[in-house]
Amino acid sequence: MEHTSDTVNEGKLIGENTYTDRAAKYTELQLDGVKIDYYDAKNKVVHEIKKSDKMEAAHEAQVKYYLYKLKQHGVEGMTGVLEYPTLRHTSQIMLTDDDVQSIQKWEGDIMEIISREEMPGVIDKPVCKRCSYFEFCYC
Ligand code: SF4
């Protein structure tokens, strides 16, 4: 649903206007339904820019998932960088063996959910307002 999300588009716009030379330096990569906006193959770094004014575990999980997907495709030694232009902050992200186990559990949970006859109900939490699936779930 990300292509219809104003939040995602706004984040992309902030990224493009904050780091103007980025599109020329890095590649966009699509892999197993995952789209990495800024992939630096030369330095083995995945960059993810967030418009948010606070750091969230979900941001870290997103970058770790990118690193996991790359590892599955034989790309070893990648690291991630989460960038928060509004906070003027960057975080280094590494994928550990524990992370790989957690991600495999998330994938198992997702497979279990999507194999259900009934879709789960909305969770009705504040996070829903910023979720790419908001219209899908609530309209
Ligand atoms: S809007 Fe997002 S977070 Fe809320 S119930 Fe739907 S999928 Fe879950």
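Author: The model is a predicted one, in which local features need pLDDT of at least 70 and side-chain atom pairs count only at pLDDT 80 or more, while totals for chains, interfaces and linings use all residues. Residues are numbered from 1 along each chain as its sequence is written, and side-chain values use heavy atoms, with hydrogens and water left out.

From the N terminus on, the order is α-α-β-β-β-α-β-β-α-α, which amounts to five helices and five strands. These elements are DSSP runs numbered from the N terminus: helices are H or I with at least four residues, and strands are E with at least two. Of the chain's 139 residues, 29% count as buried. Here buried means under 20% relative accessible area, exposed means over 50%, and partly exposed lies in between (1.4 Å probe, protein chains only).

Let us now turn to the ligand. Around it stand Val122, Ile123, Cys128, Cys131, Tyr133, Phe134, Cys137 and Tyr138, each with a heavy atom within 4 Å of the ligand. This shell comprises eight nonpolar residues, no polar ones and no charged ones. In this scheme Ala, Val, Leu, Ile, Met, Phe, Trp, Tyr, Cys and Pro are nonpolar, Asp, Glu, Lys and Arg are charged, and the others, Gly among them, are polar.

The cysteines deserve attention. Cys128 counts as buried because its relative accessibility is 10%, whereas Cys131, at 35%, counts as partly exposed. The count of disulfides comes to zero, a disulfide being a pair of cysteine sulfur atoms within 2.5 Å.

The C-alpha atoms of Gly121 and Cys137 are separated by 8.3 Å, although the two residues are 16 apart along the chain. Gly121 belongs to the loop between α4 and α5 (134-138), and it counts as exposed because its relative accessibility is 58%.

Asp124 is also placed in the loop between α4 and α5. Asp124 is exposed, since its relative accessible area is 62%. Its phi is positive, at about 50 degrees, although Asp124 is not a glycine. Most residues other than glycine have a negative phi, and most peptide bonds are trans. Asp32 likewise has a positive phi, near 50 degrees, and lies in the loop between β1 (27-31) and β2 (34-40).
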